[in-house]
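Open the model in your viewer and keep the selection tool at hand. This short tour moves from one stop to the next.

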Amino acid sequence: MTTKVVKYVGRTTDFKGKTLWEIVGSLKNFGVGRLIVRQVFNRYPEPSFMKIVKVQTCPDEERRRVRVWVEKTFRGRKLPEITEIYRTSYKPDYQLISKDEEQELYKRLTNEYNYSDVILPNTIEMPPLMKKFIVRDHEKKGLQTLKEFIMPLSYKHSPNRVTRIAKGDEKPTIQFGMGLGKPISPSLYKGVPLE
């Protein structure tokens, strides 16, 4: 008897579950009012799930896609606006939460997670090379050298952001800075000034 060897070719995936259409297509009223979760969000300790509000099928387009509007709770915080899922609805990464588990999930949400606001800075110190370029440029042009080398920070907008950005002179709770910080392997940096 010979054994058959199966060799998979192509990209690996971390998706575990069903497409959104497979879930809502098999439920009464397309699952409005039920909770679903994406497997990739299970990596967070806080509960992340979505409550289905409205479903619209897309008969003219691919069979695997569907438009679903949900009330999204991400990392223990309910987002203020309803979110539309369309572009990721074909991914086999959704799971239906059973009605027994729904109540436990809501209890975890209200009891366990009290957040203190994380405030991100709106400015950062310039990188060392940029500082040198600016000083050299100002000296060439005969301009006064800057006293503070600070530049504004720009963040990518995300509806899933659980942090907020400092406004005006508000003091951030997290500071970013230039430098290597404290290395995990200090022996690799012997003789290198880290600050």
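Select Asp93 and show what surrounds this residue. Leaving aside neighbours within four places in sequence, Asp93 is in contact (heavy atoms within 4.5 Å) with Asp14, Phe15, Lys16, Gly17, Lys18, Val37, Arg38, Gln39 and Val40. This is a predicted model, in which local features need pLDDT of at least 70, side-chain atom pairs count only at pLDDT 80 or more, and totals for chains, interfaces and linings use all residues. Residues are numbered from 1 along each chain as its sequence is written, and side-chain values use heavy atoms, with hydrogens and water left out.

Is Asp93 buried or exposed? Asp93 counts as buried because its relative accessible area is 0%. Buried means under 20%, exposed over 50%, and partly exposed in between, with a 1.4 Å probe and protein chains only.

Step to Pro92. Find this residue in the loop between strand S4 (77-85) and strand S5 (94-96). Strands are DSSP runs of E, at least two residues, numbered from the N terminus. Pro92 is partly exposed, because its relative accessibility is 30%. Its contacts beyond four places in sequence include Phe15 and Arg64.

Technical notes. Helix = DSSP H or I, 4+ residues; strand = E, 2+ residues; numbered from the N terminus.
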